[in-house]
Amino acid sequence: MNTTNFKKETNFKKWAFRFLVYLIFINIAAFYLGVNFANGFDNLDLYESKMTILSLLGTILLLAGIIFTILSVTKKEKKNYQYYISLIGYPLFLIVTILSMVLG
């Protein structure tokens, strides 16, 4: 009987890339919500609750994606487009987030 040690390895760069794509969709949804709210100030409570949920979800995805990108770099995973896009995308989103907190 052949007994080999099968160790499943987590693909951190893949998860970091997925979270970056989800983060982009959340930011598009927040932009769309903000533009549509500017047309008529009908329901401020509903707008604030939706924006709070999107903001919280975006922050969680940003932090998780940064963690997965750091893990991918430290584990020296094989480099491909997911690795490079995550390596460039998360610092950009982090800078935009910090600027929006300072200037907003």
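In what order do the elements of the protein chain run from the N terminus on? They go α-α-α, and this is a predicted model.

View 1. The chain has 104 residues, and 23% of them count as buried. Its accessible surface comes to about 8200 Å², with 68% of that belonging to carbon and sulfur atoms. Take the contacts between residues at least 6 apart in sequence: 79% of them join residues at least 24 apart.

**View 2. The largest nonpolar core, 11 residues in all.** Here you're looking at A16, F19, L20, L23, I26, A30, L33, L54, L61, L62 and Y90. Helix 1 (12–39) and helix 2 (44–74) each put in at least two residues of this core. Helix 1 has the largest share, with 7 residues.

**View 3. Helix 2 from end to end.** This helix has 31 residues and spans 45 Å from its first C-alpha to its last, close to the 45 Å expected at 1.5 Å a residue. Which residues of helix 2 are buried? The list reads L54, G58, L61, L62, G65, T69 and S72. It's handy to remember that an α-helix has 3.6 residues a turn, so residues three or four places apart point the same way.

View 4. T69 sits in helix 2. Is T69 buried or exposed? Its relative accessible area is 10%, and the cut-off for buried is under 20%, so T69 counts as buried. Not counting residues up to four places away in sequence, T69 touches A16, S86, L87 and Y90. Two of those names, A16 and Y90, also turn up in the largest nonpolar core.

**View 5. S86, a serine tucked out of the way.** S86 has its place in helix 3. Why does S86 count as buried? Because its relative accessibility is 2%, and buried means under 20%. Which residues is S86 in contact with, once its neighbours within four places in sequence are left aside? They are K13, A16, F17, L20, T69 and P91. From that set, A16 and L20 belong to the largest nonpolar core.

**View 6. K76, in the loop between helix 2 and helix 3.** What is the phi of K76? It's positive, about 55°, although K76 is not a glycine. For background, most residues other than glycine have a negative phi. K76 counts as exposed because its relative accessibility is 70%, and exposed means over 50%.

View 7. L94, I95, I98, L99, V102 and L103 make a nonpolar surface patch of about 600 Å². One of them, L94, is found in helix 3 (residues 81–103). Is L94 buried, partly exposed or exposed? With a relative accessible area of 35%, L94 falls between the 20% and 50% cut-offs, so it's partly exposed.

Notes: Residues are numbered from 1 along each chain as its sequence is written. This is a predicted model: local features need pLDDT of at least 70, side-chain atom pairs count only at pLDDT 80 or more; totals for chains, interfaces and linings use all residues. Side-chain values use heavy atoms; hydrogens and water are left out. A nonpolar core is a set of buried Ala, Val, Leu, Ile, Met, Phe, Trp, Tyr and Cys residues joined through side-chain atoms within 4.5 Å. Buried means under 20% relative accessible area, exposed over 50%, partly exposed in between (1.4 Å probe, protein chains only). Helices (H or I, at least four residues) and strands (E, at least two) are DSSP runs, numbered from the N terminus. Patches are made of residues with over 30% relative accessible area and no salt bridge: like charges are joined within 9 Å, nonpolar side chains (Val, Leu, Ile, Met, Phe, Trp, Tyr) within 5 Å. Accessible areas come from the Shrake-Rupley method with a 1.4 Å probe; for residues, only the protein chains shown count as cover. A salt bridge is a side-chain nitrogen of Lys or Arg within 4 Å of a carboxyl oxygen of Asp or Glu. Contact means heavy atoms within 4.5 Å. The expected span of a helix is 1.5 Å times one less than its number of residues.
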